[in-house]
Amino acid sequence: AAGEQRPTMEEYTRVVQTWLDHWDKLERLTQTLLPSAEHLYDELEKIRAEDFSPFVVQYCRSLENEILLKLFGSYHDDVRGRVPDIRSFVASDLVIENTKRFAKSVLDDKRKYTLGEMNFTMKLLKDGGRTLSNSKLLQDFRAFVLRYFDQKVLEKTFLERIDDITENLRNKAAHPALVPKEVAEKCIEVVRLSLCELLDAYGAGRPVISSAAGS
């Protein structure tokens, strides 16, 4: 209708805040991606679109960005601040089949990880894993993750859901196929759940015992 008020981004931000308790913990880019994805969903619904893939990609990108910056990007910064010789630190991991790609990214400070790559690496951090016991880099990364996050982000339930999001939502939506509304609704449910769990776990890691604690 003429003169109809269109919802603003502030209003879509409030929509996100109805299901997400920790808005202030989100990365700045995610604070843009999420409301714009909610807006995109509304627009596609209004025109009774057959294809919701633009929404699904955008919604999954918000989760991808949080994992990328909070776990992987932060680890790159952390390891560079602690380890004077990165090359010798990752040397043994460059020849392990499951870790060589991650080791190369850390060595070259290459921070472009896909959701699938990040999930693959996170699954290797599970307690008692064989790759973990042979990998200095993974042991260090696991200790880093647990310093900032509750361990549920490394548990099977969380990681299997990220796997499902990657395979059945993110990757499918990025390829030439129609993504119907039912799939978009599933995407809303699982991405919201994963984001809430990730942000709940963030800041709930083991306390860091540091000599600088009192300074």
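Q: What should I know about the model and its numbering before starting?
A: Residues are numbered from 1 along each chain as its sequence is written, and side-chain values use heavy atoms, with hydrogens and water left out. The model is predicted, and local features need pLDDT of at least 70, side-chain atom pairs count only at pLDDT 80 or more, and totals for chains, interfaces and linings use all residues.

Q: Where is arginine 48 found?
A: Helices are DSSP runs (H or I, at least four residues), and strands are too (E, at least two), numbered from the N terminus. Arginine 48 is in the loop between α2 (28-46) and α3 (53-82). Its phi is near 50 degrees, positive even though the residue is not glycine.

Q: Is arginine 48 buried or exposed?
A: Buried means under 20% relative accessible area, exposed over 50%, and partly exposed in between (1.4 Å probe, protein chains only). Arginine 48 has 75% relative accessibility, so it counts as exposed.

Q: Which phi does aspartate 109 have, and where does the residue lie?
A: Aspartate 109 has a positive phi of about 50 degrees, although it is not a glycine. It lies in the loop between α5 (100-108) and α6 (115-123). With a relative accessible area of 28%, aspartate 109 is partly exposed.

Q: Which residues does serine 135 touch?
A: Contact means heavy atoms within 4.5 Å. Leaving aside residues up to four places away in sequence, serine 135 touches Asp93, Ile96 and Thr99. Serine 135 sits in the loop between α7 (130-134) and α8 (136-148), and at 0% relative accessibility it counts as buried.

Q: How do I read a pair of packed helices?
A: Two packed helices are described by the angle between their axes and the distance between the axes. Axes are lines fitted to C-alpha atoms, for helices over the stretch in contact, with angles from 0 to 180 degrees between N-to-C directions. Here, the axes of α6 and α9 (residues 156-173) come within 10 Å and cross at roughly 160 degrees. That makes α6 roughly antiparallel to α9 (the term covers angles over 145 degrees).

Q: Which residues make the contact of α6 with α9?
A: From α6 come Leu115, Gly116, Asn119, Met122 and Lys123, and from α9 come Phe158, Leu159, Ile162, Asp163, Ile165 and Thr166.

Q: What covers the buried residues of α6?
A: The buried residues are Leu115, Glu117, Met118, Asn119, Thr121 and Met122, and their cover includes α3, α5, α8 and α9.

How values were computed
Angles under 35 degrees count as roughly parallel, over 145 as roughly antiparallel, 65 to 115 as roughly perpendicular and the rest as oblique.
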